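Here is a short briefing to read alongside the structure viewer. Take it topic by topic, and keep the model open as you go.

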Amino acid sequence: MERRSFLQKLLLAAAGLGLSPGWLTRQARRYGQALAATSRKLALLIGINRYPGEGSPLQGCVTDVELQRELLLYRFGFEPAGILALTDGAATPSAVQEAFAEHLGGPSQPAEIVVVQFSGYGQWQAGSAPDQWQPALLLSGSESLAAMELERFFQLVQNLGTAQVTTILDCGFTHIPPALRGNLQLRSRPPVPPAASKVLDPGQPSSAEGQQVWHPRPKGLLIAATTPQDLAAEAAWPGFHAGVLTYLLTQYLWETTPPARLLIAFNQVVSRRELGLFSCQHPTLEGKEIARRVPPYFLIPSQTAASGVIQEVRGSRAQVWLGGIPAAVLGSLQPGTLLAPFVADPAAPATPLLIRSRSGLLAQVQAVSGEDQFPPVGTLVREQLRALSSSLKLLVGLEDSLGRVERVDLTNAIAGYSWMETANPRERQVDCLLGRITPEMAAAFQGDALPKPLEVGSYSLFWPGRELLLNSCGPAGEAATTAVQRLASRLAHLLAAKRLRTTLNAAISSLGVVGELSTRGKTPSWAVRPPQGASAPAELGMPRFLRGDPLYLTLRNEGEQDLFGYLLMVDSSGQLHLLAPVPQDNLALPLRLEAKGSLTIPPPPEMAVREPRSVLNPDLLTCHAQGLTELLFVASTRPLSASLEALKAMARQQGVTRSPMLLSKPLEWTQILFEELTYRAEEGAPDLRWLDPAQSVTLSLTYLLV
């Protein structure tokens, strides 16, 4: 029976029996959920790392296919036979067209739900009209046949027999050298101009048609890694490479608790710090007003939020896919972590699984009981106790522009600090880059809000995507050893913030803290752990606020326990500041968030009439330099007395009496706090500690100051 016919008959039956509209609504919702569980759900996933005739540097496109496949299988209820993957040499134009016609069915055999993903190179190519450019997807095959015009690709989507189709493009079209940027690799190729024609700048198409963001707009929903005029990249993550958009999107959809509307989920993803560090990439969501109402992929995930899923069982070991672990946590996750399986019978005991080893997103686990009894393949798991190392190191990548001798000098100088080491950004996820300012960099950063022009040839720090760390540039002619000594304090701040990010657990903590950013008199601009029924954001993308404008963070404790914690800020220079509790109060107590209570920082004037005006500081969250800014709220059910005493001593030593307070000993203080948030693991190395999500919670909120 067709859905519309069923609902019409249900309505007539309800009216005839005198049943309330509420009853009808509940029954329709149940019917919709049952239909979603049995509907025909199909996916076409295309990922190309290796292109014929060249040594392609792409490494993450096939991983994108795996990320999407595992998500669709275990969170959205797709059947294995419903997912077709075309990777590398199999992803030819003819194979793609055949997949649309036969696997996705076209208009003759329509599916109920369709997901289409492309990960690979994009490129601007000359159009048929003079001075006109058109975007194209590069597929596998001979050089003359490998390109498929984006308009043609969208037409294949348009011909599908369902409107409930989601298209994901994890590629770029505009190419601005260099293609390799620290941890990042651009997913675009230089433009192909017409023969014997002047090469135009495809970032600024001359045709009116090219000025539009997407033309034509495809059927259903489009999630794109960037606009046609901006850049898109893949990144080296902890143990694997993947598209920045695909990894952040799939990870969020693993850990988020349904139901979440697509618009809210998308905004949570594009507001992540990892995307903010590469300011040239601007993900887009297209789909008229429908995106404000529908859940991702037009489906509500069938089960609760998860950290991963059991993929395989072999004897006394099982393999778990860790797709739901946050990117900032995954690289620090240690053997000894405990995972709790979701069992069908809530009353039945679930034996925790102990991670013995991890490679990228795959972990080898064994049952804590020592028996070979595992839940079946496909069982979702969630972090129960997170094992972390107390001797975490900062990974520093060396820029490509450095010469061989100075690379050796910098490596030796960095080796003199026990808490950091150099790493190859092509192979490992680094925390920052160290290099010299080239003439091209000086010109590129000229338009930024810099206090003074950059000196060519000077040593400086960069974020992993080659974005400049503010105020890290030294004098020209500086020796490598001197540069490391000068930057050691800044690098210590980067490690301190990294250490705190390993405790990020908002999605799994039972303490139930919600954080919202808002300007005075306006609805919240951004929230971490947005509640059910939260309103859609007015604007998509990383939230932006003016320097010096009043900005407020409201923290709500929806749990049953009082929490004690700290609010910290990582500014655009990478330095860590304490925002609350404030030194004005002599740091007598940590920030206290009462059970079922809320707290706004800084207190708005109407909430702080009795407080001295000096305490209000309405620009507390916007008083730093322009650029990417991150707030970290760290809280525990314990009073955190040791870290508070260390803050008092630090404030006295610095003579600080007002907030914000720059941490003069960031490594020492975060180590004390880290040990208060965790406890020593029963097994494993001496520096292994467990983080219990029932006892602590850490939230991160990122925004731009302009």
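Predicted model: local features only at pLDDT ≥ 70, side-chain atom pairs only at ≥ 80, totals over all residues.

In α6, the buried residues are Val244, Leu245, Thr246, Tyr247, Leu248, Leu249, Thr250, Gln251, Tyr252, Leu253, Trp254 and Glu255.

**Helix α6**
- Helix α6 is mostly covered, with 12 of its 12 residues buried.
- The helix takes in residues 244-255, and at 1.5 Å a residue its 12 residues should span 16 Å. The C-alpha atoms at its ends are 17 Å apart, which agrees with that expectation.
- Tyr247, one of the buried residues of α6, also belongs to a cluster in which ring pairs link it with Trp237 and Phe240.

**The chain as a whole**
- The protein chain contains 15 helices and 37 strands.
- Its length is 706 residues, and 56% of them count as buried.
- How much of the contact count with a separation of 6 or more comes from residues 24 or more positions apart? The share is 74% in the protein chain.
- The accessible surface of the chain is about 29,300 Å², and carbon and sulfur atoms account for 52% of that area.

**An open sheet and its helices**
- Six strands make up an open sheet with mixed pairing, and their order is β2-β1-β3-β7-β11-β14.
- Which strands stand at the edges of this sheet? They are β2 (83-87) and β14 (284-286); each has a single partner strand, so one side of each is left without a neighbour in the sheet.
- From one strand to the next, the twist averages 10 degrees.
- Within the sheet, β1 (residues 41-47) pairs with β3 (residues 113-119) in the parallel sense, over 7 bridges. Here Leu42 stands opposite Val114 in β3.
- Helix α5 (residues 150-158) lies across β1, β3, β7 (165-170) and β11 (221-224), and it runs at about 155 degrees to β7.
- Helix α7 (residues 262-270) packs on the sheet too, where it touches β11 and β14. The direction of α7 makes about 165 degrees with that of β14.

**Aromatic pairs**
- The count of aromatic pairs comes to 9.
- One of them joins Phe100 and Phe153 in an edge-to-face arrangement, with 5.7 Å from centre to centre and 90 degrees between the planes.
- Why does this pair tie together parts that are 53 residues apart in sequence? Phe100 lies in helix α4 (residues 93-103), whereas Phe153 lies in helix α5.
- Phe100 and Phe153 are both buried.
- Tyr417 and Trp419 also form an edge-to-face pair, at 5.6 Å centre to centre with 65 degrees between the planes.
- The cut-off for buried is under 20% relative accessible area.

**Strand β33 and its partners**
- All 10 of the 10 residues in strand β33 (residues 627-636) are buried, so the strand is largely enclosed by the rest of the structure.
- β33 pairs with strand β29 (residues 563-570) in the antiparallel sense, over 7 bridges. In that pairing, Gly565 has Ala635 of β33 as its bridge partner.
- β33 also runs antiparallel to strand β37 (residues 696-705), and 10 bridges join the two. Val634 stands opposite Thr698 in β37.
- In a regular strand, side chains alternate between the two faces of the sheet.

**Strand β16 and its partners**
- Strand β16 (residues 317-321) has 4 of its 5 residues buried, so it is largely enclosed by the rest of the structure.
- Strand β15 (residues 308-314) pairs with β16 in the antiparallel sense over 5 bridges, and the bridge partner of Ile310 is Val320 in β16.
- The hairpin of β15 and β16 has 2 residues between the strands, and Gly315 takes a positive phi near 60 degrees there.
- β16 pairs with strand β19 (residues 362-367) as well, in the antiparallel sense over 4 bridges. Ala318 has Val365 in β19 as its bridge partner.

Terms used: Residues numbered from 1 in each chain as written. Heavy atoms only, no water. Buried < 20%, exposed > 50% of the residue type's maximum accessible area, 1.4 Å probe, protein only. Contact = heavy atoms within 4.5 Å. Areas by Shrake-Rupley, 256 points an atom, 1.4 Å probe, with all protein chains shown as cover. Expected span 1.5 Å × (residues − 1). Pairing = 2+ DSSP bridges. Axes fitted to C-alpha atoms, helices over the stretch in contact; angles between N-to-C directions. Phe/Tyr/Trp six-rings, centres within 6.5 Å; stacked < 30°, edge-to-face > 60°.
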